[in-house]
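Have the viewer open as you read.

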Amino acid sequence: MLRDKNAVPAPEYVDLYHELLCDQMLLEETGSLFLTLFESVDNEEAAHRYKELYDVRVRLQTAIAKTHEYSLKIIYDEYSEVQDPEEDKLFSMRGSLRLKAGQIKRRQVKNTALRLLSVLDTPEIHAVIKKQFLTAVNATDRAAAFGAWLNSSAAEKRELTQIYMEECKKDLVAWEAFLSAVASTDAPDCLELVKLIESDPTFRIEQANDQRALYGAFARNRKYSLQTADGLEFLKQTIIRLAGINEYSTVGLLNAFSIIDFMESEYYIPMVDVLVTVAESIDAEKSPSVYNRIIKLLVGAPKAVKLYEKEVKGISFLTRTESA
């Protein structure tokens with residue numbers, strides 16, 4: 001599917017996935033995490049084609065959802081039973097833990113079905129996602145619904161995001177999870193949402209938790225932070241700003257560039273240019289960890305650096321370092 005953009009998942013795969021998701025006895029034992037579709041492959045040459053890997057995952061999910069939409073809705077409903085908060089009191093501690101384990105597994109199945117249905121991006125599914133978000137009695141269901149909502153084209157997306165943000169502001173743990181969820185979203189307007197949160201007075205760039213949750217998550221969201229011009233520019237400016245505030249967090253953002261030579265050559269020059277610009281914009285003596293990390297990243301990307309120096313300019317500070 002990576003090689004051929006018109007390829008579709010084999011019917012046998014689609015049906016097997018559905019069959020496993022319908023196996024109630026199996027899922028009661030295992031939960032549904034083993035059905036997670038990861039954006040990863042073992043082939044090193046393809047492992048860093050982030051946008052394409054994301055597209056393939058969506059194509060897989062879409063094939064499953066379109067083929068078995070009716071069944072997925074039934075699965076979602078069957079695993080959406082409302083739990084009585086007083087129910088735990090009827091069990092011993094050991095029994096209560098068993099009950100909670102069962103509830104967790106059921107939530108996994110329900111949210112797996114929701115994630116599959118959400119790729120259909122229809123008004124009907126938007127209503128299901130919104131209902132779960134507004135009525136969720138646990139953090140897992142709330143987070144799953146919010147993630148699906150962020151990735152949707154629902155007209156109320158910004159409004160609901162603002163509502164959830166106001167709620168999360170009241171708790172530091174919830175706030176950090178909210179920032180990470182926004183910056184990790186697969187939605188095309190990911191950067192716009194990040195900027196929206198960044199502009200809110202509650203966001204404090206000098207706070208390590210806020211740095212890590214918003215900027216760190218966005219940097220790791222490489223299909224946007226590295227593979228789009230706007231995302232790369234935003235990441236560059238953020239690194240420059242953050243270098244004088246918190247070197248540790250800044251180095252964490254720079255780690256997103258550790259795979260330059262493994263990416264496709266079209267990204268070599270833009271990514272090397274970001275590192276060169278940052279190195280030339282910061283004070284090496286005031287931010288030595290950041291400066292030295294950039295040097296190591298460039299030394300570790302000889303193919304990209306060679307192309308950059310051929311097409312753009314020589315990297316003088318790198319030459320001086322190698323001579324020393």
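## Ground rules

A crossing is left-handed if the near helix is turned anticlockwise from the far one by less than a right angle, and right-handed if clockwise. Helices here are DSSP runs (H or I, at least four residues), strands are E runs of at least two, and both are numbered from the N terminus.

This is a predicted model, with local features needing pLDDT of at least 70 and side-chain atom pairs counting only at pLDDT 80 or more, while totals for chains, interfaces and linings use all residues. Residues are numbered from 1 along each chain as its sequence is written, and side-chain values use heavy atoms, with hydrogens and water left out.

## The chain overall

The chain's secondary structure comes to 18 helices and 0 strands.

Of the 324 residues, 46% count as buried, meaning under 20% relative accessible area, with exposed being over 50% and partly exposed in between (1.4 Å probe, protein chains only). Now take contacts (heavy atoms within 4.5 Å) between residues at least 6 apart in sequence: 65% of them join residues at least 24 apart.

## α8 against α10

Helix α8 (residues 157-168) packs on helix α10 (residues 190-198) at an angle of about 40°, with the axes 12 Å apart. That angle makes α8 oblique to α10; the scheme takes under 35 degrees as roughly parallel, over 145 as roughly antiparallel, 65 to 115 as roughly perpendicular and the rest as oblique. The axes are lines fitted to C-alpha atoms, for helices over the stretch in contact, and angles run from 0 to 180 degrees between N-to-C directions.

The crossing of this pair, α8 and α10, is right-handed. On the α8 side, R158, Q162 and M165 make the contact, and α10 brings E192, L193, L196 and I197. By class that comes to 4 nonpolar, 1 polar and 2 charged residues, where Ala, Val, Leu, Ile, Met, Phe, Trp, Tyr, Cys and Pro count as nonpolar, Asp, Glu, Lys and Arg as charged, and the others, Gly among them, as polar.

## α1 against α3

Over at helix α1 (residues 11-21) and helix α3 (residues 50-67), the axes come within 10 Å and cross at roughly 70°, so the two are roughly perpendicular to each other. α1 passes α3 in a right-handed crossing.

Which residues of α1 and α3 meet? From α1 there are Y13, V14, D15 and Y17, and from α3 L60, A63, I64 and T67. The residues of this contact divide into 6 nonpolar, 1 polar and 1 charged.

H18 is in α1 and is buried, with a relative accessible area of 15%. Setting aside neighbours within four places in sequence, H18 is in contact with H68 and S71. S118 belongs to helix α5 (residues 93-118) and counts as buried at 15% relative accessibility. A polar atom of the S118 side chain lies 2.7 Å from the backbone oxygen of R115. Not counting residues up to four places away in sequence, S118 touches I125, I129 and A148.

Is D42 buried or exposed? At 83% relative accessibility, D42 counts as exposed, and you'll find D42 in the loop between α2 (24-30) and α3. From D42 to L191 is 149 residues in sequence and 29 Å in space, C-alpha to C-alpha.

Key:
A polar contact is a pair of N or O atoms within 3.5 Å; within protein, one must be able to donate a hydrogen and the other to accept it, and residues adjacent in sequence count only if both atoms are side-chain atoms.
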